[in-house]
Amino acid sequence: MLAARVIPCLDVHGGRVVKGTNFVNLRDAGDPVEVASRYEAEGADELVFLDITASHEERDIILDVVRRTADCVFMPLTVGGGVRTIEDVRDLLNAGCDKVSINSAACKDPDFVRRAADRFGSQCIVVNIDPKRVTKDGKEFWEVHINGGRKPTGLEAVAWAKEVQSLGAGEIVLTSMDADGTRDGYDLPVTAAVSEAVSIPVVASGGAGHPQHLADAIIKGKASAALAASIFHFGQFTIEETKQIMRDAGIPVRI
Amino acid sequence: MITIVDYQMGNLRSVQKAVQRVGGEAKISSDPHEIATADRLILPGVGAFGDAMAEINRRDLATPIRDFCQTRRPFLGICLGLQLLFEEGFEHGTHRGLGILSGDVVRFELPEHLKVPHMGWNTVKKQSDCELLEDIGDSSHFYFVHSFYVRPSDPSVVALTCDYGGDFCAMIAQGNLFATQFHPEKSQSNGLQLLRRFTQLASHSGAPTA
């Protein structure tokens, strides 16, 4: 039976894993390769690196991190953050990345998703969608934001998810800007609405504070996988404990 | 020495590193002569069937790969490298494959709640004993990412099946010809164990014809 995936996400800055709250108070949390190896040993199903450097001059640093990680960690690795061109995608894949995640560049130039999927295959093109609940004309609207939630795009999350699927994306990572950082759980209504609207896998992201939240993302949010950062980084729960709680909730997991 | 076929379709480095991790030596090559005369060959690959065959043909690699498989030296196809062994694929139109095995490659047609690509860790069921699976139990997890699957005409080549809205062929084995739909190089200890076995297989061939 296909297992629901548990995916730790590591923020990488200047070649190091950093932890912080909402991109402030960043603390060094170690060498990406060591942290990745630890998560692999704990039973992580995949790993996501988010390159929060985002300056073009430092792209080579993340490529080196990917190379070193892919040399000794034998599970799928996704990199997101600052992916803007076909060359960015190619360089990351050549460095040993399995999937590349596109966010702002997809909103600015949707055809970029199509070109990337045509060139490298849908299976390695992930689109990040960051919705935020706003009110428009007296009605709630799930508006896609870019630039870490600071810039509204006018796009509606469910419609945009369908569009990126038709452009060739193989997976969607959905990060609710309302839930992100709260540790109160994922935004389940938005996650379920997007998951049910598309036929590609959806990864729930943003808001996990307890393993039960990951279970909820799969059962109530209909997600294929759940991504989390702080609950693992701060040693609150191991991946193994998280999976046991998910299994107790009746979810197939790989233990 | 294992030769990994480079035809610009996917992540060769991960395969090479995984082979090295289990004590094997591996080089990456797109040279037809090196491929035809390799000790053991791995055909990896991700992407679309038609593009992959076009790249293989552009580099004149179809004949060396077929010739290699004739010699009964150890061969391992991975993901698209499994699918290409068959006669015909239907990804974006109809394309001829390498035709080393008879059968075709078709897209998953599944009920709505089952997502395509089939992406993630799924369990496998043994259909026959094969040397690469000696240390791997039924219900072991492997990492899959694909939208198409193979339908071999000869059911006896199926070594593993996997259930995703119905059983499909997850691995074939026929003599020293092996191929997996999953990615052993991304399947942690189970995958590394399979690759370790591959590096240890006796090569049954005589000297390759130069």
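**Chains A and B: interface and sheet**

A:Asp71 and B:Arg13 join their side chains in a salt bridge, 2.8 Å from N to O. That's one of 3 salt bridges the rule finds across the interface of chain A and chain B. Keep in mind that this is a predicted model.

**The interface**

- On the contact count, 36 residues of chain A touch 27 residues of chain B.
- About 2500 Å² is buried between the two chains, with carbon and sulfur atoms giving 51% of that area.
- Polar contacts link 15 residue pairs across the interface, counting pairs with both residues at pLDDT 80 or more.
- Three helices of chain A each put at least two residues into the side that touches chain B: helix 2 (59-70), helix 3 (86-95) and helix 5 (110-120).
- Helix 3 of chain A gives the most to that side, with 3 residues.
- Sorted by type, the chain A side splits into 17 nonpolar, 8 polar and 11 charged residues.

**The sheet in chain B**

- Chain B has an open sheet of 9 strands with mixed pairing, in the order 2-1-3-4-13-12-11-8-9.
- Strand 2 (26-29) and strand 9 (141-146) sit at the edges, each pairing on one side only.
- From one strand to the next, the twist averages 30°.
- Strand 12 (167-174) and strand 13 (177-180) run antiparallel and are joined by 4 bridges.
- Within strand 13, B:Ala179 is the residue that stands opposite B:Ile172.

**A helix on the sheet**

- Helix 1 (12-21) of chain B packs on the sheet, touching strand 1 (2-5), strand 2, strand 3 (40-43) and strand 4 (75-78).
- The direction of helix 1 makes about 160° with that of strand 2 of chain B.

Note on methods: Residues numbered from 1 in each chain as written. Chains lettered and ligands numbered in written order. Predicted model: local features only at pLDDT ≥ 70, side-chain atom pairs only at ≥ 80, totals over all residues. Heavy atoms only, no water. Contact = heavy atoms within 4.5 Å. Buried area = accessible area lost by both parts, 1.4 Å probe. Salt bridge = Lys/Arg side-chain N within 4 Å of Asp/Glu carboxyl O. Polar contact = N/O pair within 3.5 Å; in protein donor to acceptor, adjacent residues only side chain to side chain. Nonpolar A, V, L, I, M, F, W, Y, C, P; charged D, E, K, R; others polar. Pairing = 2+ DSSP bridges. Axes fitted to C-alpha atoms, helices over the stretch in contact; angles between N-to-C directions.
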